[in-house]
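Me: Please take a close look at one part of this structure, the packing of helices and strands. I would like one connected account with residue names.

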Protein chains: 2
Amino acid sequence: MAKPGLKVIPLGGLSEIGKNMMVLEYEEDIIIIDAGLMFPEEGMFGVDLVIPDISYLLDKQARIKGIVVTHGHEDHIGALPYLLPQLNAPVYSTKLTRGLISVKLKERKALSGASLKVVPFGEKITLGKFRVEFFPVCHSIPDAAGLIITTPIGTIVHSGDFKLDYTPVSGQPTALSRLALLGGQGVLLLLADSTYAELPGYTPSEKVVGETLDHIMAEAPGRVIVTTFSSLISRVQQVIDAAAKHQRRVFIVGRSMSDTAHMALELGYLKAPDGVLARMDDLRGMPRNKVAFVTTGSQGEPTSALVRMANRDHRQVHILRGDTVVISATPIPGNEGLVNKTVDSLFKQGAQVFYDKVAPVHVHGHASQEELKLLLTLVNPKFFMPIHGEYRHLSLHAKLAQSVGIPKDNIFVLEDGDILELGPQAGKIAGKVASSNVYVDGLSVGDIGSVVLRDRKMLSKDGIVMVIIAVNRQTGKIVGRPDIISRGFVDTRESKDMLDESCDLVARVLDHGGAHSADWGFINTKVRDTLNKFYYQQTRRHPMVLPFMVKV
Amino acid sequence: MAKPGLKVIPLGGLSEIGKNMMVLEYEEDIIIIDAGLMFPEEGMFGVDLVIPDISYLLDKQARIKGIVVTHGHEDHIGALPYLLPQLNAPVYSTKLTRGLISVKLKERKALSGASLKVVPFGEKITLGKFRVEFFPVCHSIPDAAGLIITTPIGTIVHSGDFKLDYTPVSGQPTALSRLALLGGQGVLLLLADSTYAELPGYTPSEKVVGETLDHIMAEAPGRVIVTTFSSLISRVQQVIDAAAKHQRRVFIVGRSMSDTAHMALELGYLKAPDGVLARMDDLRGMPRNKVAFVTTGSQGEPTSALVRMANRDHRQVHILRGDTVVISATPIPGNEGLVNKTVDSLFKQGAQVFYDKVAPVHVHGHASQEELKLLLTLVNPKFFMPIHGEYRHLSLHAKLAQSVGIPKDNIFVLEDGDILELGPQAGKIAGKVASSNVYVDGLSVGDIGSVVLRDRKMLSKDGIVMVIIAVNRQTGKIVGRPDIISRGFVDTRESKDMLDESCDLVARVLDHGGAHSADWGFINTKVRDTLNKFYYQQTRRHPMVLPFMVKV
């Protein structure tokens, strides 16, 4: 076995492995692929965002030759405002992705000093010992890329987030012939998107949604309101096309949808025939069957335009009986409840609602099993590493790779932080770097640790009871009767007697022990034990009990 | 229009309408259908269970002729231990349902005094002006029933939770001919299960799962571990049958699976050939391909046997490389994350895992659209009221009813608490009764109200900061410097300076105002405002700020 020269390390992504960041290392040179964020999972109380742990990279800044970004979704660019100041490396991407990155950096006041470089498809850049070429892939955002990375020991193909779509609405189909050519020449390692490795068959083309939208725009008796992700620009394009065909004017509602649509119009990623796009001022007096809205809210976000409309809380648009609403998206895991509530409200307002369970109003942006097998077959890599998915997706993708003939020993299923050391003839998982998740809560990055989260969890379940014990500063003796205050534990009025009784109990415990402030550790434990037991007996609840000594 | 004599009121079920309880009223007589519970939704911090609000019934006990229970699932029987003492009425059900109800009541020490009556299918009982007959339906538990309720103004059919299954594994197929006969004679009102009104086509027969299990038991190289709901007795039967066929012995693991299986064996709802069921003592030394386990944990419950096995935390069984795990269930909404985590762990332990997304290992227990249309067509009711589903399911079910010819005006989509007043010729929604959800948290029923939940929510997001201000009891003057304690807000060590600074700020505010305990209301507000602003500036967080005065 040759001395392994290449290291591949997935980082970040919560349970999705290598989703937010991948590190490639060859001798002294490092490149980073993507720098995204995740939204918190259940139980991460109060956390706003989760970003990759880059502690492994912090003493290696000088060796980082560049950050290569595959596409402009949050989970691939969203951590840049937090990490770029520390990584201090140039960022390479396609044009639209660069536009979205600069918007992100501007929002967080991290744009100045950033070096953002556009790389056209097919052009090669040199980053130390690595040469990188972007190739077009289809995904639910335009200008998405896969990567061909040449290293001294062989070629690496990174699929990015991708699907095959022979009839994409915007952009180019995934560059299959380029990949087939490469496969013929010999590819050392394929890293490929596993998000939908559970799904048999092929992911349908974006065009399928166009047919449904066309039908709805033609048949709907009243206004049509379509909601989708603002970054899904091809979907917005299809709404505009279908509306225009049926003489409906299109109103773009909501700040983020508006901002993205205008940016996409300017950069040429979105096209609208003259006179189709309308301003809210034009709405008054228009026949309802000549109106279409495009808006955000497909995830049931409480402050989104669609949810405000559904709750009769929007400044400009309310749902009217006879409206048709199209939710052109699937709920992101964890958002199902919010989306369902929104659909229920829309039905209650008298709208007809089309959503993913009842009509083909959405196709997703990742490859299904047959596409994954096709990619594996064309690229024909010596080694394979499934990425972008939870462990089960990676396991299933690994089995698909075996089924098309890649030997089991040449397939590496890693977890975040695992180091794959790869030589021209063999590879192995060799060690692990720090890869815990870093929580962003408000302004702070990383100060929320397990203690704070454990406290929030405990507080969320049964609330808190504070016991305030005054002690004479000179004598160390208890002064008066303790005070008890609770929040989130019981209804303080209904349970006044029980709380009073618990206060008596503490008073007796203190009295009995002839308590002295010097014994605070002992008193603290004793009070907590007594109250934990009493409250559990009385209520079967476990509030956080917090005795506190005030010296007076 | 004749004077309406019948009232129909759905109650409970969180967002699912009429799921946990329905009230039927005719003149002075009341019957109740089901008395179930729901598990808390997101945001119901620390709530254990949710039961229907029966305040409407509390002054009408004497008029309640009986509680009729359709089947033995938690969401139809689980509230009985809490409500039966207040409703004080006899409970009618089929045999297995009665068995499950008495287990529930015994657990909660509410069995004594309860009158539980078994009603065989086809027999009629008289409850005041109502006559009730149970008819068999297929559902994911044996002995499930629908109801034929005769009233002075006409016949009501209540579907219970049902699907059609011409080849059920246990029990009888849904009684279609009986319903067709009734339909010919004229049915006034149909109440029907809408849970899967979103799904086109037919729900597959339970037998489909049998074929998959048979295949897995035959092919698996090692042990087979099947997890499902303990009440899904027909599924357990199929595991036993498939295991027996392939000379595997079956080990039942986990208390609730064991208890239910033994009860079902005794009552004859479950059958095992001699020598198939084994005890844990028999396990040692058995060839792995002769072993099958049945266990709970299909929802990823952290304390379930399967999850303990997956985490190498079970006393008796650990997952071994080469084991095959079958998750024969779908995640209940809200449990997806836990189930996914469990599947990931199983894969990491080297198991092969079959779950609903990758193999036909589960069929659900509710009718899909074609079955719903068939029921509507056979029963051919004058009026229709969709029940058992969230509002969108009811709306879609209403549209299905229209599509088979029921006039729109004869279809009533209610929300919980709505009163449907029905006469022989017409009906209308007339008023609303109290129908909020009642929260069970520990021992208390109903004391958790919006204030406690709001506090828990706030605590869960950004924690709490207590400010303790000592005041001289005689002079009313502030004594010393305030104390600040926080939990769940920031890392108290890392943020010590910031917290100290906030304490100084409070001291200055109090000093500046020459604070006196008589102005406590003012001080309280001033301290809170000051700290809210300061903490938000420093951290962008909103902890609960709680000033407290200690008189010393």
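Reply: Contact here means heavy atoms within 4.5 Å. The model is a predicted one.

With that cut-off, A:Leu176, A:Leu179, A:Ala180 and A:Gly183 of helix H4(A) meet A:Leu374, A:Leu375, A:Leu378 and A:Val379 of helix H10(A). H4(A) covers residues 176-185 and H10(A) residues 369-379; their axes come within 7 Å and cross at roughly 45 degrees.

Helix H12 of chain A and helix H12 of chain B, residues 450-462 in each, have axes 8 Å apart and pack at an angle of about 175 degrees. H12(A) and H12(B) are therefore roughly antiparallel to each other. On the chain A side the contact involves A:Arg456, A:Leu459, A:Ser460, A:Lys461 and A:Asp462, which meet B:Arg456, B:Leu459, B:Ser460, B:Lys461 and B:Asp462 of H12(B).

In chain A, strand S24 spans residues 464-471; eight of its eight residues are buried, so the strand is largely enclosed by the rest of the structure. In a regular strand the side chains alternate between the two faces of the sheet. In S24(A) both faces are covered, with A:Ile464, A:Met466, A:Ile468 and A:Ala470 buried on one side and A:Val465, A:Val467, A:Ile469 and A:Val471 buried on the other.

S24(A) pairs with two strands. Seven bridges connect S24(A) to strand S25 (residues 478-487) of chain A, and these two run antiparallel. With strand S26 (residues 544-551) of chain A, S24(A) pairs in the parallel sense over eight bridges. A:Val467 stands opposite A:Ile484 in S25(A) and opposite A:Pro547 in S26(A). Six residues lie between the strands in the hairpin of S24(A) and S25(A), where A:Gly476 takes a positive phi near 75 degrees.

Chain B has an open sheet of six strands with mixed pairing, in the order S8-S9-S10-S11-S12-S19. Strands S8 (124-127) and S19 (381-387) of chain B stand at the edges with a single partner strand each, so one side of each has no neighbour in the sheet. From one strand to the next the twist averages 20 degrees. Within the sheet, S9(B), residues 130-136, and S10(B), residues 145-151, pair in the antiparallel sense over six bridges. B:Pro136 has B:Ala145 in S10(B) as its bridge partner.

Two helices pack on this sheet. Helix H4 (residues 176-185) of chain B touches S8, S9, S10, S11 (154-158) and S12 (187-193) of chain B, and its direction makes about 150 degrees with that of S11(B). Helix H11 (residues 391-403) of chain B touches S12 and S19 of chain B; its direction makes about 160 degrees with that of S19(B).

Helix H5 of chain B, residues 207-219, has 13 residues, which should span 18 Å at 1.5 Å a residue; its end C-alpha atoms are 19 Å apart, in agreement. Its buried residues are B:Val209, B:Gly210, B:Thr212, B:Leu213, B:Ile216 and B:Met217. Seen down the helix axis, the buried residues of H5(B) fall within an arc of 165 degrees, so they line one face. An α-helix has 3.6 residues a turn, so residues three or four places apart point the same way. The face of H5(B) turned away from the buried side carries the exposed residues B:Glu211, B:His215 and B:Glu219. The buried residues of H5(B) pack against strands S13 (224-227), S16 (291-295), S17 (324-327) and S18 (352-354) and helix H6 (233-245) of chain B.

Helix H3 (residues 95-107) of chain B has 13 residues and reaches 19 Å from its first C-alpha to its last, close to the 18 Å expected. Its buried residues are B:Leu96, B:Thr97, B:Gly99, B:Leu100, B:Ile101, B:Ser102, B:Lys104 and B:Leu105. The buried residues of H3(B) pack against helices H1 (74-77), H2 (80-87), H6 and H7 (255-267) and strands S6 (91-93) and S7 (116-118) of chain B. After H3(B) comes B:Lys109, with a positive phi near 55 degrees.

Definitions and conventions: Residues numbered from 1 in each chain as written. Chains lettered and ligands numbered in written order. Predicted model: local features only at pLDDT ≥ 70, side-chain atom pairs only at ≥ 80, totals over all residues. Heavy atoms only, no water. Pairing = 2+ DSSP bridges. Helix = DSSP H or I, 4+ residues; strand = E, 2+ residues; numbered from the N terminus. Axes fitted to C-alpha atoms, helices over the stretch in contact; angles between N-to-C directions. Expected span 1.5 Å × (residues − 1). Buried < 20%, exposed > 50% of the residue type's maximum accessible area, 1.4 Å probe, protein only. Arc of directions from axis to C-beta. Parallel < 35°, antiparallel > 145°, perpendicular 65-115°, else oblique.
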